[in-house]
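Reader: I'm new to reading protein models. Could you walk me through this one with a few questions?

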Amino acid sequence: MATDRIRREGGVVCPDGFASALYDTLQVGVAVFDDAGRLVRANRALRALYQLSDADHTVERLIRESLTDSEGTVLGPVHHPVDRALRGETVDGLSVRIVVPDGRARHADVNARPVLAPDGGTVGAVAAFRDTTLRERATRFRRCERLVARALAEATTVSDVGPALVRAVAGTLGWPHAQLWLVDEVADVLRLAAQWDAPGRTLEALLPPTIERGWGIGGTVWETGEPLWIPDLLSTDKVPTSNFPGRARRAHTVGVRAAVSVPVRDGRRVLGVLTCVADHREYNGERLVAQLGGIANQVGHFLSRRRAEELASELHRSRDDFRTLLRAFERDGPAARAARDDLLDLAALEEGRAGLRVAELDLVAVVAAAVAALSPSIRASVRVGRPERLRLRGDAGRLRDAVDALLGAVAGGDVYVRLKGEPGIAELTLIGVGVLSDDAAGTDPSAPVEAALGPRLALAVVRAHGGTVRVSTRYHPDVTFTVRLPVDGPPARPHRE
């Protein structure tokens, strides 16, 4: 037999059982071929590299067909390490990519040697495969972390860097899909901040517009604060959502097999979720979770830093507001008394002492009334884009005050007002074109006291309703206010004794 000839002429004499046991104790994959290039032995480590059972006889074909170079070109007889060894060559440390049956690329270093007869003739070949997949992935993740860190250092918002971030992560993994979801604190849902799909691949039909706590993979990670690794979507019980098995089967039809999802944190608080989706089973989940967690931590630190900067900016505006008020009080008169009343009202709103008269209202009507009350010269420069109606629960009077204040802050150039509804959210955007950003933000000490207090009062009203106000002066001298309000009304306040 060919095996006996290799053993005898190669100087190795041992029983078959002993040889099999010896091969299977090795940590590297070993394949032995006869002089005709037929596989005569493959040890357990080699089968594990290909994720094959001991009874699977496709390993010979896979060794022949699955080896590629770094560019993905299949190694033919001229370059294949086994063929080279059969021609008498010695192959050391050849780096190859291996395409395994489920489509997952692995990496290995291959050494190959000819098996020589006493007369010097080649009677076979032996090849050793050292799995370097984890080492290769770790190197790529270190490179990815550096790229992400550089991009985050230069970014001002997640929208600036999100698409590049998920593309870099997916490329590092060699996976076709990656998504970054961020917590919308107003609606208490996850919203998609960025996604990347490989060319010709899309999960758009499977992605919901928002994710609730405990729903699906991302919602489970958000609720638990723990990473989630699913090696095979079709055989998992890690996602408690009742409709998950059906969704997993639909995902499988478009090539989705595995997923890993990690929380984006600011300390103990979850700010978002980073999810990557594979088209193959993934068996090295623990290390993968740790590597993705490093990327997620970078994003969490970025979000935390941005929030700290926004808070510092807000405190700076508050200090300037206070100085402006002091100057107004020194002048006395009606303006000073109005400013004093506004300041007391602002304090009451921010401390939760000002009650809200909550009822069903139409935000479109509130904004229309505020625009109609503007002077004709200012009203002529206002353009409004709106749906027919935008209903929510809130205090119509307070919200009218907020809209008045923000309109006053952006007046002075062309003004664009846009209203739109999202699931659970009413959004109002006001853009002042050619408006000095410091005046609009209430930080110009020469501005009238009403201009200084207006945005602060609007912010307090919106926050009292459980909403948020974002101020952008990125395109100086333009300024944009984005107001987001929960349609279900203000959050319940704790009872005060």
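This is a predicted model: local features need pLDDT of at least 70, side-chain atom pairs count only at pLDDT 80 or more; totals for chains, interfaces and linings use all residues.

**Charges and contacts in the model**

Reader: Which residue forms a salt bridge with D83?

Author: The closest N and O atoms of the pair are 2.8 Å apart. D83 lies in helix α5 (residues 81-86) and its partner in helix α4 (residues 59-65), so the pair ties together parts 19 residues apart in sequence. The partner is R64.

Reader: Thanks! Is R64 buried or partly exposed?

Author: Buried means under 20% relative accessible area, and exposed means over 50%. R64 has a relative accessible area of 24%, so R64 is partly exposed.

Reader: And how many salt bridges are there by this rule?

Author: Another of these pairs is R484 with E427, at 3.2 Å from N to O. That pair links strand β19 (residues 479-486) with strand β17 (residues 425-433), 57 residues apart. By this rule, the salt bridges number 21.

Reader: Which side chain makes a polar contact with the side chain of H177?

Author: H177 sits in strand β7 (residues 177-184). With a relative accessible area of 1%, H177 is buried. At 2.8 Å, its side chain makes a polar contact with the side chain of D197.

Reader: Which residues gather in a patch of positive charge on the surface?

Author: One of them lies in helix α6 (residues 133-154). The residues in the patch are R142, R143, R146 and R150.

Note on methods:
Residues are numbered from 1 along each chain as its sequence is written. Side-chain values use heavy atoms; hydrogens and water are left out. Patches are made of residues with over 30% relative accessible area and no salt bridge: like charges are joined within 9 Å, nonpolar side chains (Val, Leu, Ile, Met, Phe, Trp, Tyr) within 5 Å. Accessible areas come from the Shrake-Rupley method with a 1.4 Å probe; for residues, only the protein chains shown count as cover. A salt bridge is a side-chain nitrogen of Lys or Arg within 4 Å of a carboxyl oxygen of Asp or Glu. Lys and Arg count as positive and Asp and Glu as negative; His and the chain ends are not counted. The place of a charge is taken as NZ of Lys, CZ of Arg, CG of Asp or CD of Glu. Helices (H or I, at least four residues) and strands (E, at least two) are DSSP runs, numbered from the N terminus. Buried means under 20% relative accessible area, exposed over 50%, partly exposed in between (1.4 Å probe, protein chains only). A polar contact is a pair of N or O atoms within 3.5 Å; within protein, one must be able to donate a hydrogen and the other to accept it, and residues adjacent in sequence count only if both atoms are side-chain atoms.
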